[in-house]
Amino acid sequence: MPTPSFDIYLVNGSITAFCGPHAESFKNDILNSSLLGELASTSKHSDNQDALWAGYVDTVSKIGWITKSRELKRQEFSAKSLLKIIETTTGNTLTKEEKQGLLNAFLQLKKPGSQSQATKAMIDKLQANTFAPCDETNACASARLTIVRSNASIITLQVAFKSAQGIGIDILDQPVLDAIKDGKPNTWLLVSSLDARQYDNLRATVIKKIGHHIDTDLLHVPTPSRLA
């Protein structure tokens with residue numbers, strides 16, 4: 001059967017997945033505004049997960065992202081993939097088709113040699129987001145992912161984790177991630193939407209602020225209509 005419609009981009013190395021059909025102009029607005037949020041937060045707070053998240057949300061909120069709900073909490077997990085953690089954190093928010101589309105996006109990123117530039121960008125981002133080692137055998141890092149649903153609702157999730165196998169492409173769908181044993185929140189969730197009228201007045205400013213990053217830090221990951 002045909003796979004659900006999905007489209008994948010890397011925004012400064014973070015995955016953005018569009019589920020269902022969306023106008024190219026809408027995609028560009030989401031990608032550009034999200035990129036500004038990424039650049040603003042990582043330039044100041046790359047080693048502090050709470051501040052990293054707060055900086056991102058603060059930036060996108062000022063340029064037209066309307067918050068519907070926000071949540072930060074601690075989840076206990078062991079030997080989980082990033083995909084499974086996302087499914088647990090979002091609960092019933094994502095439909096079965098959207099979860100399948102996200103799985104397809106992850107599989108596409110992992111296809112050997114087919115998306116080397118995108119895969120390298122994602123791994124570079126993950127490794128840039130590592131922070132103080134948990135212990136001698138684990139690496140600690142965080143990942144941020146955005147899912148744009150078919151109804152134009154935006155789900156943004158940041159997850160902190162540790163891995164004894166290092167930080168690489170396998171974290172997407174392999175059970176290699178564990179919760180950091182520090183008692184702190186390790187998942188940050190934002191559900192929002194884009195106010196088109198507000199963003200119309202800010203679009204030129206956003207594009208000016210991201211400058212050359214629009215060409216270097218936005219990567220489209222081509223996807224086939226079907227995945228084997």
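In which loop is A79 found? The legends below take up this point among others, and the model they describe is predicted.

**Figure 1. Overview of the protein.**
The predicted model contains eight helices and seven strands. Of its 228 residues, buried residues make up 50%. Among the contacts in the protein with a separation of 6 or more, 72% join residues 24 or more positions apart. The protein exposes about 10700 Å², and carbon and sulfur atoms supply 52% of that area.

A79 is found in the loop that runs between β3 (65–73) and α3 (82–90). The relative accessible area of A79 is 42%. This residue is therefore classed as partly exposed, because the class covers values between 20% and 50%. The backbone of A79 also deserves attention. Most residues other than glycine have a negative phi. A79 is not a glycine, yet its phi is positive, at about 50°.

A152 is another residue with a positive phi although it is not a glycine; its value is about 75°. The loop that holds A152 lies between β4 and β5 (154–163). With a relative accessible area of 26%, A152 is partly exposed.

S14 lies in strand β2. Is S14 buried or exposed? Its relative accessible area is 6%, so S14 is buried, because buried means under 20%. The side chain of S14 makes a polar contact with the side chain of E38, at 3.0 Å. When residues up to four places away in sequence are not counted, S14 touches Y9, E38, K125 and R144.

E38 belongs to helix α1, which spans residues 24–45. With a relative accessible area of 2%, E38 is buried. Which side chain makes a polar contact with the side chain of E38 at 3.1 Å? The partner is the side chain of R144. The side chain of E38 also makes a polar contact with the side chain of S14 (3.0 Å). Leaving aside neighbours within four places in sequence, E38 is in contact with V11, N12, S14, Y56, K125 and R144.

Rolling a probe the size of a water molecule over the atoms shows where empty space is left. In this model the count comes to one cavity of 30 Å³ or more. About 100 Å³ of space lies in the largest cavity. How many residues line the largest cavity? The lining consists of 13 residues, and those nearest the centre of the cavity are G13, M122, L126, A143 and R144. The elements that give two or more residues to this lining are β2 (14–19), α5 (116–128) and β4 (139–148). The largest share, four residues, comes from β4. Sorted by class, the lining has seven nonpolar, four polar and two charged residues.

A17 lies in strand β2. Its relative accessibility is 3%, and A17 therefore counts as buried, because the limit for this class is under 20%. How far apart in space are A17 and I147, C-alpha to C-alpha? The two residues are 4.9 Å apart in space, whereas they are 130 residues apart in sequence. Not counting residues up to four places away in sequence, A17 touches D7, L102, T146, I147 and V148.

A164 has its place in the loop between β5 and β6 (187–194). The relative accessible area of A164 is 54%, so this residue is exposed, because exposed means over 50%. Apart from neighbours within four places in sequence, A164 is in contact with T137, N138 and V176. C134 and A164 are 30 residues apart in sequence, and their C-alpha atoms are 10.0 Å apart in space.

Technical notes. Residues numbered from 1 in each chain as written. Predicted model: local features only at pLDDT ≥ 70, side-chain atom pairs only at ≥ 80, totals over all residues. Heavy atoms only, no water. 1 Å grid on protein atoms, 1.4 Å probe; cavity = no way out; pocket = protein on both sides within 12 Å on 5 of 7 lines; lining within 4 Å. Points joined across faces, edges and corners; volume = space filled by probe spheres on them. Nonpolar A, V, L, I, M, F, W, Y, C, P; charged D, E, K, R; others polar. Buried < 20%, exposed > 50% of the residue type's maximum accessible area, 1.4 Å probe, protein only. Contact = heavy atoms within 4.5 Å. Polar contact = N/O pair within 3.5 Å; in protein donor to acceptor, adjacent residues only side chain to side chain. Areas by Shrake-Rupley, 256 points an atom, 1.4 Å probe, with all protein chains shown as cover.
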